[in-house]
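Subject: Structure handover and findings

Hello,

Here is the structure we talked about handing over. Please look through it before you read on.

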Amino acid sequence: MDLDPSGSITSVETPGELPSAAETCNRRKRRSVGPTAHREAKRLRTVQQEGEETQTRGRSPSISVPLDRLQQPITPSELTELLHYAALGKTGGVNQPSWCRLQHQKRVKAVNVVIVEGLTQSHFYKHYLTLRHLRTSYTTRVTFTPSPTDLASGIFSGEVPESDAPSQRPSGSSELHKALRIHPVITKFGTQKRGLTAYVLPQEEMIKKHYPVKGMPGFEDFVCTDCVDCVTDGSPLYGLDCEMCLTERGNELARVSLVDSDGNCLLDELVKPQNRILDYLTRFSGITAAMLRRITTTLRDVQVKLRQLLPSDAVLVGHSVNNDLVALKLIHQHVIDTSLLYRRDFGQKFKLKVLTEVMLQRQIQTEEKKGHNPIEDAVAALELAQYFIKMGPRQVVELHLEELWGYTLVEESAECEPAPKPSLRFADILQTLGRSVAFLGKRSDLTLDLSNQQWHSSDREVLASFRRQSKCPFLSVLQCSSLSDHLKRCHPHQEHQHQRTRANLRDMCIVFAGPFPAGFSEREVRRLFRCFGPVRNIKMLTTTVRVHAEVEFELLEGAVLAIKALNGLNMQGQSIKVQRPVYESMLDLDLTLDALMCDRLNTSHLYAVKLNPSMAEELQISPRVNGRASDAECPGVTSVRAENRSPLAKVNGTSQLKATRESKLSEETIRETFGHFGSVERVVLPAKCGKHAKHAYIQFESSADKHVALRNSEDLRRENYLVCPSLTPPHLPSWVSAVDTGSEAAEGEERTHGNTSSQDQEMDLLMGKLDCRLRKLFRSLQEGTLSVVVLLGDTSAHGCPGLCLMEVKQGE
């Protein structure tokens, strides 16, 4: 018996029969390769068998807010709109909220809302470093509009709009004929008229019915269209139809037609199949050998044209459109299939010809025509979808029940008493569906069963009581009031605190620069500094000898880049300093910058500006090597070496600063440049009306891609780009810009304070305790729970808005 070096048995020698060296080697190969190949095959089979489960079960729910909506505060009614959708979803008849996107709502297991009274957005950013859990565990943060009404009461007693009432409830059932309640169309879509998003196929159904879906086995070589994650009821519809020929490899595309929402033909192309044609299927396709003889258009050409024609929010409409997408080898996320709208019992489908004749009173695919006309078929499918959306499922069924589905209704007995109108209150609906609700907090006048309420005198008791529950309720609202009571006792003038916090935020965006050459004007200062970001205000500080300036940027990133690029710049033989103001609010600036860079809202975001080539040459921008200690302020930022800087010349008393005008930025050029470092998910080019963007926020798919770009800042410098990690939370600029300029005197007064007051230290300690309790609460939530923390804000005349933080609890 022989052992290989690893100790495994390789062969057994029979007496009188010695194996040759080649045989021994082959046996060893079979012994070592065989099990490995077997394990690999087993692994592949397992992956294939579990592919669908990975796609459907592995996706966790998540929440996000579009960038344009982050700049606007949300109202209590918009928050309850989200809670209604999270709890009831489309299957319950509630549409996706208009201001946010909750992905995979069906996987939401519970909803937990914590209402913190008395705290505002100012408190959050004043104690930003202390609130570690709130700033790191929640990926979505949006300004909240304070309301004098009780938010907890509004959540429980708020009515779900009747048009959005869940189909599980018996709403309107007394008016609906008994036979229609089990009709396949009514069972699937309910009775209410809704927008097109109610009929877009969810991804789970697309996978089940073998539509091309990204990541699913069998569609690896398919091309994906550039589409958004979610569409709206205002998204455009496009009709699609294809004709195929039979080749050696099966059915292949021979003709494709695309029409817009008005029925206008956008594309009608004959396509040359890649493989030898066995049957042109002329009786169905209308394609003949003569038609394809001189055609050179390929499948790839058609894919490129479709991707160019379809906008990102397009919804494709077709009859059994999965066959068309397979023929096109195209993956499109948002489709409406008319064969699944007009449903029959037991999964059978109506022919497009039949539906068009009954619904649209028009004939297609007639016998005198040789084959189908894909333009005609695409228009028919489009109009069938538009008709279904316009009329609503109930009216479609009632109007065409006999001629399409083939049966009539027998009148029900008039003696039946009408069913009582059900309650539309959110809490009542949930309890009707068998889902528990609970409120924990101070005694409140809630329209809620007392058995679902627990009253406690302190936040500690509220959170401890919730964590002790053996089974968490489906909807739970916790009200924390201790900090509100403390603020009323110790900080009666909240407006002063808000002004102070906003002043601190503005201080972080301010730099002092100088001395400049004599006669240097505010206009020249603006031209120099606006290269790095939008400038809000410039204050010239002129003495009898020297000229300095206080420059306030709109964004924190602009101040960071300006310090890195301009500090030490040589102007007419004179070196200027660019530095932070020395205020009390700046003492923890380095820690705050580090925390902002690590903020989950910024982890994969990059800030970039592009200089005019002339300006870049003047500044001699290059990566810093063995730089000053201040380099740690923001790693990855390109900066200027003072010894290589050339002065900005002066002619006739005016500075030649035309070169400071930045190059125009475009999404295309940014994607081309930064796509070398990783997959660019989104490019945001903030620009005022009528003006070109001068800076950009670049969102990569992962934080690793962002760090690759930062490590290659020297290569970006050669393209005249300056970059730094994103620091400003997306929702914050609009709030900071809303600072009342009349409060500048009060802000200046606050800057003169020498030490942090004992009240501030006490408040910081209380905020730390609150954050710790909320962290323990978050950990106790089950996976798949939508967690919402609302800082209510101040409803006084000069009060500060609140803050809403949202996250779906993921597995540990």
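Below is what was found in it, by topic.

**Basis**

This is a predicted model: local features need pLDDT of at least 70, side-chain atom pairs count only at pLDDT 80 or more, and totals for chains, interfaces and linings use all residues. Residues are numbered from 1 along each chain as its sequence is written, and side-chain values use heavy atoms, with hydrogens and water left out.

**Overall fold**

The chain has 30 helices and 33 strands. Both are DSSP runs numbered from the N terminus: helices are H or I with at least four residues, strands are E with at least two. Of the 812 residues in the chain, 49% are buried. Here buried means under 20% relative accessible area, exposed means over 50%, and partly exposed lies in between (1.4 Å probe, protein chains only). A contact means heavy atoms within 4.5 Å. Take the contacts between residues at least 6 apart in sequence: 72% of them join residues at least 24 apart.

**Cavities**

Three cavities of 30 Å³ or more are present. A cavity is a set of points on a 1 Å grid, over the protein atoms alone, where a 1.4 Å probe fits but cannot get out; lining residues have an atom within 4 Å of a point. Grid points are joined across faces, edges and corners, and the volume is the space filled by probe spheres set on the points.

The largest cavity holds about 60 Å³ of space. Its lining consists of A110, V111, N112, F466, C472, P473, F474, S476, L781, Q782 and T785. Strand β5 (residues 110–116) gives the most to this lining, with three residues. By type, the lining of the largest cavity has seven nonpolar residues, four polar and no charged. Nonpolar covers Ala, Val, Leu, Ile, Met, Phe, Trp, Tyr, Cys and Pro; charged covers Asp, Glu, Lys and Arg; the others, Gly among them, are polar.

**Salt bridges**

The structure has 18 salt bridges. The criterion is a side-chain nitrogen of Lys or Arg within 4 Å of a carboxyl oxygen of Asp or Glu. Some examples follow.

- E78 pairs with R69 in a salt bridge, with the closest N and O atoms 2.7 Å apart. E78 is buried at 17% relative accessible area. R69 is buried too, at 13%.
- D226 and R307 form a salt bridge at 2.9 Å, N to O. This pair links distant parts of the chain, 81 residues apart: D226 is in the loop between β7 (223–224) and β8 (237–247), and R307 is in helix α11. R307 is partly exposed, at 32% relative accessibility.
- R362 and E383 also meet in a salt bridge, at 2.9 Å, N to O. R362 lies in the loop between α14 (352–359) and α15 (374–391) and E383 in helix α15, so the pair ties together parts 21 residues apart in sequence. R362 counts as partly exposed, at 31% relative accessibility. E383 is partly exposed as well, at 27%.
- E714, D715, R717 and R718 are linked in a network of salt bridges.

C230 is in no disulfide; its nearest cysteine sulfur is that of C100, 9.6 Å away. C245 is buried, with 0% relative accessibility.

**Helix α11**

Helix α11 spans residues 299–309 and includes Q303. Q303 counts as buried, at 6% relative accessibility. Neighbours within four places in sequence aside, Q303 is in contact with V223, L328 and K329.

**Helix α22 and beyond**

Helix α22 (residues 556–566) is mostly covered, with 11 of its 11 residues buried. Among the buried residues in α22 are E557 and K564. G568 follows α22 and has a positive phi, near 95°.

G573 sits in the loop between β21 (570–571) and β22 (574–575). Is G573 buried or exposed? G573 is exposed, with a relative accessible area of 66%. From G573 to P517 is 9.3 Å in space, C-alpha to C-alpha, and 56 residues in sequence.

Best wishes

Terms used
1 Å grid on protein atoms, 1.4 Å probe; cavity = no way out; pocket = protein on both sides within 12 Å on 5 of 7 lines; lining within 4 Å. Disulfide = S-S within 2.5 Å.
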